[in-house]
Amino acid sequence: MIKRSRLRPLRTLGHAFIKRIWRLGAGARLFWLTLISSGESFRRLHLTIREVYFTGVMSLIIIVVSAFFVGMVLALQGYNTLQRYGSSEAIGVLVALALVRELGPVVTALLFAGRAGTAITAEIGLMKATEQLSAMEMMAVSPISRVIAPRFWAGVIAMPVLNVLFCMVGILGGYLVAVPLIGVDAGAFWSQMQANVDWRLDILNGVIKSVVFGIACTMIALFEGYDAPPTAEGVSRATTRTVVTSSLVVLGLDFVLTSFMISL
Amino acid sequence: MERTTIDLWVGIFVALGVAALLGLAMKVGNLTTVSIGETYMVSANFENIGGLKPRAPVKSAGVVVGRVADITFDPATFEAVVSLSVDKRYSFPKDTFANIYTAGLLGEQYVGLEAGGDEVALKNGDKITQTQDAIVLEKMISQFLFSKASEETKDSPPAQASTPAESTPSDSTKMEDDALGSNPIDAL
């Protein structure tokens with residue numbers, strides 16, 4: 001017989017694995033429940049609009065400022081390399097494609113997870129800790145259709161909007177560096193960009209990416225809050241987990257989505 | 001916060017988003033140039049299309065008049081069949097010449113149409129018979145090297161001809177030595 005203590009590492013491994021799977025299943029169940037009970041978030045639209053205000057409008061400043069700087073830095077770095085090959089006019093294409101295809105959706109999602117995701121997790125975790133959710137259930141009000149679903153749809157709506165704003169402001173930042181500062185020809189900047197950025201393959205795919213990231217980020221934030229232990233420590237840990245899990249999921253999903261979109 | 005204020009801010013937010021998407025589509029993307037409107041399809045056979053891709057521009061006199069719609073391989077003739085969708089506003093004569101050009105030395109490839117002199121215009125589903133293949137750079141380089149090599153084998157018999165050419169530099173260096181040698185004397 002093998003001693004029981006020898007098997008301990010294996011047991012902890014199994015426990016951790018089962019816990020992960022359990023959380024995945026619970027998250028999927030919450031996602032499904034949210035989808036089927038999201039009728040009220042559209043019938044009483046002001047619930048969703050309120051949440052769009054808190055997740056979308058309040059994230060505008062950080063999104064716009066970081067987009068502006070990302071665009072400017074992209075133009076500076078791109079120019080540094082491109083002028084060696086005598087094709088500094090291609091800087092518009094470089095900035096636009098990098099932003100629309102990759103940086104826009106991904107950076108927006110990462111910022112969204114940090115700005116809005118944590119707020120959602122902390123709010124719902126605290127609602128649970130102060131037994132507001134239980135109180136709602138006592139009054140026969142479903143917390144999922146009243147609290148979870150409006151926040152979910154607000155995140156799904158806000159993310160693509162923030163993404164296109166990020167792309168537009170980033171391109172503006174790139175333009176400001178490339179044309180007035182460096183002295184690239186403005187006509188070449190825009191015309192090369194227009195010739196090489198495709199509406200469906202680049203812009204629409206970027207928007208599709210951001211919708212998927214919006215679903216993932218918001219759902220992770222909602223689940224972490226809903227699943228948080230009702231203590232101060234539990235809520236703070238759930239908030240941390242929201243940022244870590246959302247960021248990793250966004251990066252992983254981005255690879256999967258890109259590989260699908262490139263092959264199409 | 002008042003519900004009306006929130007509504008207003010969300011309205012501004014969504015309107016900004018729609019405006020940014022429109023801006024991306026019009027200013028950044030090529031939605032305006034892609035939607036050529038009414039087009040007609042013409043096909044052309046090429047022995048070699050090089051790196052031509054679907055959606056590549058079709059140009060005539062440098063102006064984009066259409067796009068490459070589809071590229072297929074014809075197993076009967078072993079040729080590439082390129083279908084071009086050309087803007088209906090532009091009609092081309094039946095004996096139009098289709099070439100595959102490269103924009104710049106290593107740039108993207110496009111189809112160039114050169115109008116002929118025929119009275120009858122190309123219609124939807126017609127085939128352009130006069131085509132010229134893409135220039136494949138590797139092929140050109142190998143041709144160039146082969147022709148160079150054959151030239152050299154022709155040149156090799158008069159090998160003595162090169163020896164006087166070799167002797168001239170040594171002569172000139174001797175002259176320079178003399179000049180250098182004489183300079184100090186001049187200075188004195």
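# A walk through chains A and B

Hello everyone. A search over all chains of this structure turns up twelve salt bridges. Please keep in mind that we are looking at a predicted model.

First, some background on chain A. How many helices and strands does chain A have? There are ten helices and zero strands. Reading from the N terminus, the elements go α-α-α-α-α-α-α-α-α-α. Chain A has 264 residues, and buried ones make up 46% of them.

Please find Arg23(A), which forms a salt bridge with Asp227(A); their closest N and O atoms are 2.5 Å apart. Arg23(A) sits in helix 1 (residues 8-36) of chain A and Asp227(A) in helix 9 (residues 199-227) of chain A, so this pair ties together parts that are 204 residues apart in sequence. Is Arg23(A) buried or exposed? Arg23(A) is buried, with a relative accessible area of 18%. Asp227(A), at 22% relative accessibility, counts as partly exposed. The cut-off explains the two labels: buried means under 20% relative accessible area.

Arg23(A), Asp227(A), Glu224(A) and Arg241(A) are linked in a network of salt bridges.

Staying in chain A, look at Lys209(A) and Glu102(A), whose side chains meet in a salt bridge at 2.7 Å, N to O. Lys209(A) belongs to helix 9 of chain A and Glu102(A) to helix 5 (residues 91-129) of chain A, so here the parts tied together are 107 residues apart in sequence. Lys209(A) counts as buried, at 3% relative accessibility, while Glu102(A) is partly exposed at 27%.

One more pair, this time in chain B: the side chains of Asp87(B) and Arg89(B) meet in a salt bridge at 2.8 Å, N to O. Asp87(B) is buried, with 3% relative accessibility, whereas Arg89(B) is exposed, with 64%.

Let's go back to chain A for helix 7, residues 143-182. How far apart are the end C-alpha atoms of this helix? They are 55 Å apart, which agrees with the 58 Å that its 40 residues should span at 1.5 Å a residue. Helix 7 of chain A does bend, by about 35 degrees at Ala149(A), and a proline, Pro150(A), follows within four residues. Of the 40 residues in helix 7 of chain A, 30 are buried, so the helix is largely enclosed by the rest of the structure. After helix 7 of chain A comes Gly183(A), with a positive phi near 100 degrees.

While we are on backbone angles, there are two residues other than glycine to point out. Glu131(A) has a positive phi near 60 degrees. Glu131(A) is in the loop between helix 5 and helix 6 (132-138) of chain A, and it is exposed, with a relative accessible area of 54%. In chain B, Ala61(B) has a positive phi of about 55 degrees although it is not a glycine. Ala61(B) lies in the loop between strand 2 and strand 3 (63-74) of chain B, and it is exposed as well, with a relative accessible area of 83%.

That brings us to the strands of chain B. Take strand 6, residues 109-114: five of its six residues are buried, making the strand mostly covered. Which strands does it pair with? Strand 2 (residues 57-60) of chain B pairs with strand 6 in the parallel sense, over two bridges. Here Val58(B) has Val111(B) of strand 6 as its bridge partner. Strand 5 (residues 97-102) of chain B is joined to strand 6 by six bridges, and these two run antiparallel. In strand 6, Glu114(B) stands opposite Phe97(B).

Last stop, the surface of chain B. Ile135(B), Leu137(B), Met140(B), Ile141(B), Phe144(B) and Leu145(B) make a nonpolar surface patch of about 580 Å². One of these, Ile135(B), is found in the loop between strand 8 (130-132) and helix 3 (137-155) of chain B. At 48% relative accessibility, Ile135(B) counts as partly exposed.

Methods: Residues numbered from 1 in each chain as written. Chains lettered and ligands numbered in written order. Predicted model: local features only at pLDDT ≥ 70, side-chain atom pairs only at ≥ 80, totals over all residues. Heavy atoms only, no water. Buried < 20%, exposed > 50% of the residue type's maximum accessible area, 1.4 Å probe, protein only. Pairing = 2+ DSSP bridges. Expected span 1.5 Å × (residues − 1). Bend = angle between axes of the 7 residues up to and from the residue. Patch = residues over 30% accessible without salt bridge, like charges linked within 9 Å, V, L, I, M, F, W, Y side chains within 5 Å. Areas by Shrake-Rupley, 256 points an atom, 1.4 Å probe, with all protein chains shown as cover. Salt bridge = Lys/Arg side-chain N within 4 Å of Asp/Glu carboxyl O.
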